[in-house]
Structures are given as structure tokens and as C-alpha cells.
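Please read this briefing with the sequence and the model side by side.

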Amino acid sequence: MSTSPLNITQFGAFTLGTAQLIASAIQQAGFSTTGNIYYCDPANGNDQNNGLLAQQGNTVGQGPVQTLAAGYALLVSGHNDILVLIGNGTSTGTARVSATFTWSKNAAHLIGICAPSAISQRARIAPKTTDAAFASFFVVSGNGCLFQNVSWFQGFTAGVAASICMLVSGTRNAFINCDIEGMGDTTSATSATSRNLVLSADENYFGHCNVGLDTVSRTGANASVEFKSGCARNIFENCNFPFWSGDGTTLGVIITGAAAVDRFQLFRNCVFVNSIKSGVATAMTVLASVTNATPGGLLAYHGCLLIGVTKFGDTNALANSYCYGAVNSTANSLAANPA
């Protein structure tokens, strides 16, 4: 039997060509591995399976697992194992979690197989909307992990205050074409301490990601991204930050306290867009708030675009921000209707 480029030699009930397409999809994600590849199919999998095949095999126990927890349990920390999350094109293929999920293994990777739509991909992790709400949704404490083409959604029928969709406390993780959507219900979206993303570690990278949503009105000074614990050199590149601000106090970025950051946090070619032309949003007063005059580091914006946001930051934020192409807090990088 032929061997795929990723050394997959058992293909179960589907063809070699299908196996090669799966291998190709992983390689097109920009990643190959010396570790094992496991499959999680929330719609068709079974946690009694070994996870080594993308479809149910002819032998009992061969095929994808169903739950994220079962797939994650197969990964070995430090081995560069990959868990492939298989979407089915609709929300019925969502991997459901009912409590905080912690990804603590190093060099353990998660790649979604679905259309790379950039927003609300269907290789998706979310709670059941009827679950009892829990504030901390997904924690990445492992180091050197790749997450690609995956969507996280945190929203409940009855939400809870101080919700955090994702907390990254591990270092040197990469998120490529991922979607991080927190504050998906009224309670969390009206809590000043809710966040889409909290970073408390160094040198994480977000490329072509979407952070936030514009389907629920946010009020109060909650933030899309919070930097804390002296984190340094985190980079956002070609990322989108959507908002639906109900009262204008919504924040894109918050840095709280002295020494909350170190060195720099870089936003390159990012778009911060508040839905002011949809008849719902109120213009945001500032993009960023820094509560201490000496936060320990700086915010760097390179080629970024603000829509429905009046200026880059409050007094402390402006004093600790550097913008390429903006001569002051309200010029050049702020989008405007053409005269």
C-alpha cells in the first residue's frame, strides 16, 4: 500500500486519494510533522475509536474520535502531534465543551479541516448554548503550539459576567486563520471585565485572525484584547477586530497596571471596525486604554485602519503608542468617508 507524504499508511474505508487530499490539506496549512496525526469528527466520530483514521474503518475501534477531550488525550506533549478537527460545513459539526478546556501540552497542534473562511469557520469549538455558563472558555498554557483554521465561540442562553473566550499563558504559540469570538451573549457583552482574548505570555503570533464579533451589542469598557503580566513581543498581523459598540465605551485593547507589558505589542495591517453603518453601533471613543502611565512597554501600529473609532487611545495609551502613518491621535490611519 502506498504511503502518504505524512507517513499515513492506513486509510480505512476511504481511498488512498482521499488520504492524500487530507495530507495535502495539512501541508497546505504550512505544517508537516514528525509526530502522530489524530482525527476528531464531532458529527461522525466515536470516542471508542483510536483516532488514527479520518473515517470509520472496517475494523471496530478504527476511526475518528468524537469529542475534543478524547482527541486531545491522544496527543503527547513535546512530540509535535497533530489533532485534526473535521468540520461538516454547519454548526452540527461543532466540538462542544461544557467546562473550561485547557490546552497545556507543548508542541501539540490543532488544525481545522473546513473552508478557510476566516470568520466563523466550521471547524469550530463552542459550548451548548443551554449549558450552564462558565467564564473561562479556552486556556492555552502549552508552549510552541500551532492552531490553524479553527473557530472558538463563547456564548450562552444565560451568560455570565467577566467572560474570557481565550487566555493564552503559554509562549511562542501561533494562531493562523483562526476566529476567536467571545461575548456572544448579553450578560458577558455588558460586563466591563469580559474579554475575547487575554495574553499573559511572550512571543505569541496571530496571523490573519478574527478577534471578536459584531452580532451582540457590547456596552461598558470590556475589551477585545487584554495584555497583562508583563507580556512581551506579541504580534498581530493582517487581523480583523469587529465591534458592535452599544455605548461607545467599548475597547479594542486594554493594559491594566504598571509593568503589565514589556517591550512591544505589535499590530501590523490590522483593521478595527465598529459597525456604525449598520444602524446599530455608536462610535467608540478610543481604541485602547492604558490605566497606568508607565505600563512597561509600548503599543506599535503599522498600517492599521480604524473605522467607527474616534482615536487610537486615551491619554496613557497615546503616550505609549507608536503609529506608522499617523501624525497624531486622529489623523491618517482613521478611515473616513471621501469628500
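Does D262 count as buried, exposed or partly exposed? At 25% relative accessibility, D262 is partly exposed, a class that lies between buried (under 20% relative accessible area) and exposed (over 50%), with a 1.4 Å probe and protein chains only. This is a predicted model, in which local features need pLDDT of at least 70 and side-chain atom pairs count only at pLDDT 80 or more, while totals for chains, interfaces and linings use all residues. Residues are numbered from 1 along each chain as its sequence is written, and side-chain values use heavy atoms, with hydrogens and water left out.

- S194 sits in the loop between α3 (186–189) and β13 (195–199), where helices (H or I, at least four residues) and strands (E, at least two) are DSSP runs numbered from the N terminus.
- The relative accessible area of S194 is 0%, so this residue is buried.
- Leaving aside neighbours within four places in sequence, S194 is in contact (heavy atoms within 4.5 Å) with A161, A162, S163, M183, S188, N222 and A223.
- Although S194 and A161 are 33 residues apart along the chain, their C-alpha atoms are separated by 6.6 Å.
- A polar atom of the S194 side chain lies 3.1 Å from the backbone nitrogen of S163, and a polar atom of that side chain lies 2.7 Å from the backbone oxygen of S188.

**Cysteines**

- Zero disulfides (pairs of cysteine sulfur atoms within 2.5 Å) are found in a search of the whole structure.
- C178 is in no disulfide, and the nearest cysteine sulfur, that of C209, is 4.9 Å away.
- C178 is buried, with a relative accessible area of 0%, and C40 is likewise buried, with a value of 0%.

**Salt bridges**

- The whole structure contains five salt bridges, each defined by a side-chain nitrogen of Lys or Arg within 4 Å of a carboxyl oxygen of Asp or Glu.
- One of them joins the side chains of E226 and R195, at 2.9 Å from N to O; this pair links distant parts of the chain, with E226 in strand β16 (residues 223–227) and R195 in strand β13, 31 residues apart.
- Both E226 and R195 are buried.
- Another salt bridge, at 3.0 Å from N to O, is formed by the side chains of R268 and E237; because R268 lies in strand β20 (residues 261–268) and E237 in strand β17 (residues 231–237), the pair ties together parts that are 31 residues apart in sequence.
- R268 is partly exposed, with a relative accessible area of 27%.
- D262 forms a salt bridge with R263, their closest N and O atoms being 2.8 Å apart.

Definitions and conventions:
Polar contact = N/O pair within 3.5 Å; in protein donor to acceptor, adjacent residues only side chain to side chain.
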